There are 2 protein chains.
Amino acid sequence: MPYRDAMDALGDRTRRTIFEGLRSGPRAVGEIAEELPVSRPAVSQHLRVLKEAGLVTERREGTRRLYRVDPDTLGELRDYFDDFWSEALAAFKAAAEDERRNG
Amino acid sequence: MPYRDAMDALGDRTRRTIFEGLRSGPRAVGEIAEELPVSRPAVSQHLRVLKEAGLVTERREGTRRLYRVDPDTLGELRDYFDDFWSEALAAFKAAAEDERRNG
DNA sequence: GGCTTACGTTAGCCGTAACTTACGTAAGTC
DNA sequence: GACTTACGTAAGTTACGGCTAACGTAAGCC
């Protein structure tokens, strides 16, 4: 269940901000760090966690390293919440129906 | 943006397990704690965090307290990842197309 | 009233993880 | 080769959060 590692990774606000910044396309580490209140090494560490969670992939380009969103893992995460929502809503409606009938 | 608090809350594995256990219907605190390797007070604390994040609601029933999933916040979370996935996939395809054309 | 059940809350401990500073390194430029 | 750029990594500190033990409390039962 890779989505579990992904959820662990996205629990951190800084990491989530970094990840959200990659939604529109790949970016380099230094670029990301400039817009954040943390140092570049900190961003580097966060990117490693995101990478190990399967949320991003890395590509070297000269001295730079471009990180981008991995759509596969993101898709799994989407499916996870999609299923969760469907199931929870069904249970919620069933409970409301029971309450209506029985009081 | 309530989904932000929700993501913070679901970053913890124990809390996520508790939340997933509620997908099929409401349950009491003691019931949940019995199936987990942590104490009941620990579960109680986790439920408070989930409640503050808007992920669950509470209802008293005698001496017990029943917790259930709040489908609204869960729905926001689902939409968040749905939009994220769509946007990231579009960016991914556009980048792949560029690479195909330009080399 | 006294007892039990099923909770929430507080205090305090302890492990983890996020952060910075300092250093090492591969790729490009001259 | 010397220098710069853009990184990753290692070491060390600090702060946060998850946990338990102990206590307080409201509801039901006798």
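This is a predicted model: local features need pLDDT of at least 70, side-chain atom pairs count only at pLDDT 80 or more; totals for chains, interfaces and linings use all residues.
The contact between the two protein chains brings 27 residues of chain B together with 27 residues of chain A. On the side of chain B that touches chain A, at least two residues are supplied by each of α1 (2–10), α2 (13–21) and α5 (71–102) of chain B. The largest share of this side comes from α5(B), which gives 15 residues. Divided by class, the residues of chain B that take part comprise 15 nonpolar, 4 polar and 8 charged.

Within chain A, helix α2, which spans residues 13–21, packs with α4(A) at an angle of about 80°, the two axes lying 10 Å apart. With that angle, α2(A) is roughly perpendicular to α4(A). On the α2(A) side the contact involves T14(A), R15(A), I18(A) and F19(A), which meet V43(A), H46(A), L47(A), V49(A) and L50(A) of α4(A). The contact of α2(A) with α4(A) has, by class, 6 nonpolar, 2 polar and 1 charged residues.

The helix α4(A) that packs with α2(A) also contributes to the surface near DNA strand D, to which α4(A) gives the most, with 5 residues. In total, 21 residues surround DNA strand D, and the closest are A28(A), G30(A), P41(A), S44(A) and, from the other protein chain, S39(B). The elements giving two or more residues to this surface are α3 (29–34), α4 (40–52) and β3 (64–69) of chain A, joined by α4 (40–52) of chain B. By class, the surface near DNA strand D has 7 nonpolar, 10 polar and 4 charged residues.

The strand β3(A), one of the elements that give two or more residues to the surface near DNA strand D, is paired within its own chain. Strand β2(A), covering residues 56–61, runs antiparallel to β3(A), and 6 bridges join these strands. In this pairing R60(A) stands opposite R65(A) of β3(A). The hairpin of β2(A) and β3(A) has 2 residues between the strands, and in this hairpin G62(A) takes a positive phi near 70°.

In chain B, strand β2 (residues 56–61) and strand β3 (residues 64–69) likewise pair in the antiparallel sense, over 6 bridges. Here E61(B) stands opposite R64(B) of β3(B). With 2 residues between its strands, the hairpin of β2(B) and β3(B) contains G62(B), for which a positive phi near 70° is found. These two strands of chain B belong to an open sheet of 3 strands, arranged in the order β1-β3-β2 with antiparallel pairing. The edge strands of this sheet are β1 (27–28) and β2 of chain B, each of which pairs on one side only.

Technical notes. Residues are numbered from 1 along each chain as its sequence is written. Chains are lettered from A and ligands numbered from 1 in the order in which they are written. A residue is near a molecule or strand if its C-beta atom, placed from the backbone, lies within 6 Å of it. Helices (H or I, at least four residues) and strands (E, at least two) are DSSP runs, numbered from the N terminus. Ala, Val, Leu, Ile, Met, Phe, Trp, Tyr, Cys and Pro count as nonpolar, Asp, Glu, Lys and Arg as charged, and the others, Gly among them, as polar. Two residues are in contact if their C-beta atoms, placed from the backbone, lie within 7 Å. Axes are lines fitted to C-alpha atoms, for helices over the stretch in contact, and angles run from 0 to 180 degrees between N-to-C directions. Angles under 35 degrees count as roughly parallel, over 145 as roughly antiparallel, 65 to 115 as roughly perpendicular and the rest as oblique. Two strands pair if DSSP finds at least two bridges between them.
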